[in-house]
Amino acid sequence: MKKLSVLLVLAVLPFFGISQSLFDKYDNMKNVGSVTVNKSMIRLAGNIAAFDESDQDAQDFADIAQGLDGIKVFITEDIGISEDMGKTVKKYLKSSNLEELMKVRDKDATVKFYIKQGRDEDHVSELLLFVSDINSDELDMGNRKFESVLVSMTGDIDLNKIGALTRKMDLPKELNEVGGR
């Protein structure tokens, strides 16, 4: 019976880290830029921001940072990898409890924002942002022609304070509306 229990736990264990295994393939992939910010670095940034008690955005950022477990950003200029990212996001969405919070489509890009519900309606445990169909000719990015951007944030995230985080990270301005969903 013990062997069967251990075997069942080992068989199910990979499913608990599915977001990590699906998106981590982009970490060392050629033609993909990646940034991984772990819990310790996020806490350090939050502690630095907390020093400015007169700046409410800095305080909100510090509060959010205390709840974050990790941030991963993947960006590519390669159209084939971009298509693979889209397929990987779709696959992940089918296997997770994420819901589409918002979709913004214009001449410059398509931005899809997904959340996984957290401990209450004001908190989420995961934010997933996928930007595709980027029209680099319309966006001023120098000589870079980005195809896709994938951002994953995990932890205990307060939607009422997420506007501060998006301003500090210089993410799309549409995300400032997230707290007012």
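Two residues are in contact when heavy atoms lie within 4.5 Å. On that basis, residues 24 or more positions apart account for 61% of the contacts in the protein with a separation of 6 or more. The model is predicted: local features need pLDDT of at least 70 and side-chain atom pairs count only at pLDDT 80 or more, whereas totals for chains, interfaces and linings use all residues. Residues are numbered from 1 along each chain as its sequence is written, and side-chain values use heavy atoms, with hydrogens and water left out.

**Confidence**

- The predictor's confidence in each residue is given as pLDDT, on a scale from 0 to 100.
- The average pLDDT of the protein is 76, and 72% of the residues score at least 70.

**Overall organisation**

- Helices (H or I, at least four residues) and strands (E, at least two) are DSSP runs, numbered from the N terminus.
- The protein has 6 helices and 6 strands, and from the N terminus on the order of elements is α-α-β-α-α-β-α-β-β-β-β-α.
- A residue is buried under 20% relative accessible area, exposed over 50% and partly exposed in between (1.4 Å probe, protein chains only).
- Of the 181 residues in the protein, 39% are buried.

**Nonpolar cores**

- A nonpolar core is a set of buried Ala, Val, Leu, Ile, Met, Phe, Trp, Tyr and Cys residues joined through side-chain atoms within 4.5 Å.
- The largest such core has 23 residues, and those with the most contacts inside it are Leu-68, Leu-127, Val-131, Met-153 and Ile-157.
- Two or more residues of this core come from each of helix 4 (56-67), strand 2, strand 3 (98-105), strand 4 (110-117), strand 5 (123-132) and strand 6 (148-158).
- Another core, of 14 residues, lies apart from it and includes Leu-22, Phe-23, Leu-98 and Leu-150.
- Leu-127 lies in strand 5 and is buried, with a relative accessible area of 1%.
- Not counting residues up to four places away in sequence, Leu-127 touches Phe-113, Tyr-114, Ile-115, Val-151, Ser-152, Met-153, Ile-157, Leu-159 and Ile-162.
- From C-alpha to C-alpha, Leu-127 and Met-153 are 5.1 Å apart in space, although 26 residues apart in sequence.
- Beyond its neighbours within four places in sequence, Ile-157 is in contact with Leu-68, Asp-122, His-123, Val-124, Leu-127 and Ile-162.

**Aromatic pairs**

- Rings of Phe, Tyr and Trp (its six-membered ring) pair if their centres lie within 6.5 Å; planes under 30 degrees apart count as stacked, over 60 as edge-to-face and the rest as tilted.
- The structure holds 2 aromatic pairs.
- One of them joins Phe-23 and Tyr-92 edge-to-face, at 5.2 Å centre to centre with 70 degrees between the planes.
- This pair links distant parts of the chain, 69 residues apart, with Phe-23 in helix 2 (residues 18-24) and Tyr-92 in helix 5 (residues 79-95).
- Phe-23 is buried at a relative accessible area of 3%, and Tyr-92 is buried at 2%.
- Tyr-26 and Phe-74 form a tilted pair, with 6.0 Å centre to centre and 55 degrees between the planes.
- Tyr-26 lies in the loop between helix 2 and strand 1 (32-38) and Phe-74 in strand 2 (residues 68-76), so this pair ties together parts that are 48 residues apart in sequence.
- Both Tyr-26 and Phe-74 are buried.

**The two sides of helix 5**

- The buried residues in helix 5 are Ile-81, Ser-82, Met-85, Gly-86, Thr-88, Val-89 and Tyr-92.
- These residues cover an arc of only 165 degrees around the axis, which puts them on the same side of helix 5; the arc is that of the directions from the helix axis to the C-beta atoms.
- The face turned away from the buried side of helix 5 carries the exposed residues Ile-79, Lys-87, Lys-90, Lys-91 and Lys-94.

**Positive phi angles**

- Asn-31, although not a glycine, has a positive phi of about 70 degrees.
- Asn-31 is in the loop between helix 2 and strand 1 and is partly exposed, with a relative accessible area of 46%.
- Asp-133, a residue other than glycine, has a positive phi near 55 degrees.
- Asp-133 is in the loop between strand 5 and strand 6 and counts as partly exposed at 48% relative accessibility.
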